Structures are given as C-alpha cells and as structure tokens.
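Colleague: I'm new to this one. Can you walk me through the model?

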Amino acid sequence: MSPLVVGLALFAAILHASWNAFLRTGADRLWTVTVMSFSSTALAIPLAVFNGFPATSALPYVGLSACLQVGYSVFLVAAYRYGELGQVYPIVRGSVPLLVTLGGLLLAGQQLTVLETVGVALVGGGIMGLSLGRGRAATTSILYALATGAIIAAYATVDAIGVRAAGNVGAYTAWVLLAYGVLLPATFVASRGRLAFDPRAPETWKALGGGLFSLLAYGVVVTAFALGPAGPITAIRETSVVFAAFIGRLLLGETLTPRRVGACAVVVLGAICLGYQP
C-alpha cells in the first residue's frame with residue numbers, strides 16, 4: 001500500500017476513536033448517536049448535490065450499507081450501556097480485521113502478501129489483548145460488542161465493493177450518509193415515539209461535533225478503500241483502539257494498565273507490517 005493510503009487509514013482511526021468518546025460520554029446514547037447523524041446529513045447534502053448520483057449498479061450497496069450502519073449504531077449504544085470506552089471499543093474493533101479480510105478475499109478477489117497477513121494477525125491479536133483481563137466489561141456488553149464488530153465487518157466489505165461500483169467516492173459516501181440520516185432518526189422515533197432536542201443545549205452541540213468527526217472518519221476510510229485493499233486498510237484503522245485507550249485514560253478517567261500498553265504496541269507493530277513496502 002502507498003504511504004497515502006496508510007496515512008488516510010491512520011487519520012480515520014483517530015477520528016473514529018474521538019467520535020466514540022463523544023458517544024460514550026452522552027447521557028442518552030441513542031439520542032446522542034441520532035443527533036450525531038444530523039451533522040453528517042447536513043454536510044452530505046451539498047456533497048450529494050456536487051457529485052450527483054452514484055452508478056445504478058452501486059445503489060444496492062448504498063442501501064445495504066446504510067441499513068447495516070443503523071444496526072451498528074444501535075448495537076454500539078447497547079454495548080456502551082454496560083462497559084467503558086477502553087473495554088467495549090477494543091472488543092468491537094478487534095473482531096473486525098479478519099472478518100473484513102475474509103470478505104475481501106471471497107467477494108472482491110483481493111490477495112494479501114505474507115507480511116500483510118502477519119500484520120492483520122498482529123493487529124487483531126493486539127486489539128483483543130486490550131479487552132481481556134481483570135475489570136472486563138459485563139458479559140452482555142461483550143456480546144453486544146461482538147455483534148457490533150460483525151456488523152462493521154459486513155458494511156466495510158459492502159463499502160469496499162460498492163465504492164468501486166459507484167465510480168465516484170464522493171457520490172457513494174454522500175448517498176450512504178443521506179440514507180443513514182433518514183433511517184436512524186426513523187429508528188429512534190419507532191422506539192421512543194418522538195425525537196426532541198434543544199439547538200441551544202451544550203449536549204446538542206457536543207453530539208453535532210461528534211457527528212462531524214464521524215462523517216470525516218467515514219469519508220476518509222471510504223477514500224482509502226477506493227485506493228487500496230480492504231483487509232489491510234481496515235486493520236490499520238483498528239489502531240483507533242490505541243487512541244481510544246489514551247482518550248479513555250486522559251479524558252474519561254479510565255484505567256490504562258501495562259498490559260494494555262503492551263497490547264497497543266502489538267497493534268502498532270501490526271500497522272507497520274501492513275504499511276511496509278519492500
């Protein structure tokens with residue numbers, strides 16, 4: 001992979017960890033993630049106008065990706081109900097790389113080098129190491145987190161194929177986000193009856209800021225998918241666990257043990273393997 005692709009994946013990792021921190025600190029996390037979607041929808045509208053529609057062949061991927069991301073949001077909220085950022089996030093992200101790599105191999109015909117395969121294994125193993133040991137999340141939270149990881153693997157594979165079918169990264173990203181921006185509030189209303197928010201409240205602005213980070217993270221990683229193989233890109237993006245661990249410690253007062261630091265080092269080593277070009 002080129003240095004540009006590696007850089008995009010790492011930037012997406014920082015952004016992704018940051019918006020999860022926004023979500024974890026929300027009082028009503030389903031409300032928070034729903035209001036986050038307003039920010040991304042508002043920015044997706046001009047992007048859609050500028051880029052137009054993606055190719056017709058990409059529309060099924062647009063719809064499927066949006067539906068999967070709604071499921072991702074709902075399950076992630078459920079996981080954070082019982083666990084900390086530094087507990088839940090590693091489990092969610094750690095279950096993704098191998099699943100996405102397998103999806104890329106089976107559905108897109110992508111091939112990995114030996115070094116990339118080692119990198120995927122190191123990143124996945126290091127991330128899982130961050131989620132084990134004393135003080136782990138409740139079993140219910142772990143199960144929700146694992147289900148969330150499976151959904152992420154599914155929509156990442158869909159996006160890796162769909163963005164190529166679309167023929168335009170901007171159009172594909174915009175219309176996925178627009179569809180998501182309709183489906184998620186509809187899901188909230190179906191479960192709660194109504195969606196109310198105060199535009200002047202600090203909690204609203206914090207949620208909108210998290211939505212901006214989420215939009216940027218998604219756009220950056222879709223661009224990376226358009227330029228490189230899905231498995232290694234997703235594995236590099238899983239270094240977001242490293243950033244999440246430190247964000248949890250510095251901003252949320254969560255525990256950062258030597259065991260977790262060591263696991264972070266394994267993740268970084270895996271990322272180096274994935275980005276290395278002989």
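Modeller: Here are the overall fold and then one surface patch. This is a predicted model, where local features need pLDDT of at least 70, side-chain atom pairs count only at pLDDT 80 or more, and totals for chains, interfaces and linings use all residues. Residues are numbered from 1 along each chain as its sequence is written, and side-chain values use heavy atoms, with hydrogens and water left out.

Colleague: How many helices and strands does the protein have?

Modeller: Twelve helices and zero strands. Those are DSSP runs, numbered from the N terminus: helices are H or I, at least four residues, and strands are E, at least two.

Colleague: Why call it compact?

Modeller: The radius of gyration is 18 Å, close to the 19 Å from the globule rule for 278 residues, so the protein is as compact as a globular protein of that length. The radius is taken over C-alpha atoms, and the rule is 2.2 Å times the number of residues to the power 0.38.

Colleague: What does the C-alpha trace span?

Modeller: About 50 × 45 × 25 Å along the principal axes.

Colleague: And how much is buried?

Modeller: 53% of the 278 residues. Buried means under 20% relative accessible area, exposed over 50%, partly exposed in between (1.4 Å probe, protein chains only).

Colleague: New topic. Which residues form the nonpolar patch on the surface?

Modeller: L43, L212 and L216, with about 230 Å² of accessible area together. Areas come from the Shrake-Rupley method with a 1.4 Å probe; for residues, only the protein chains shown count as cover. Patch residues have over 30% relative accessible area and no salt bridge; nonpolar side chains (Val, Leu, Ile, Met, Phe, Trp, Tyr) are joined within 5 Å, like charges within 9 Å. A salt bridge is a Lys or Arg side-chain nitrogen within 4 Å of a carboxyl oxygen of Asp or Glu.

Colleague: Where is L212?

Modeller: In helix 9, residues 202-227. L212 counts as partly exposed because its relative accessibility is 33%.
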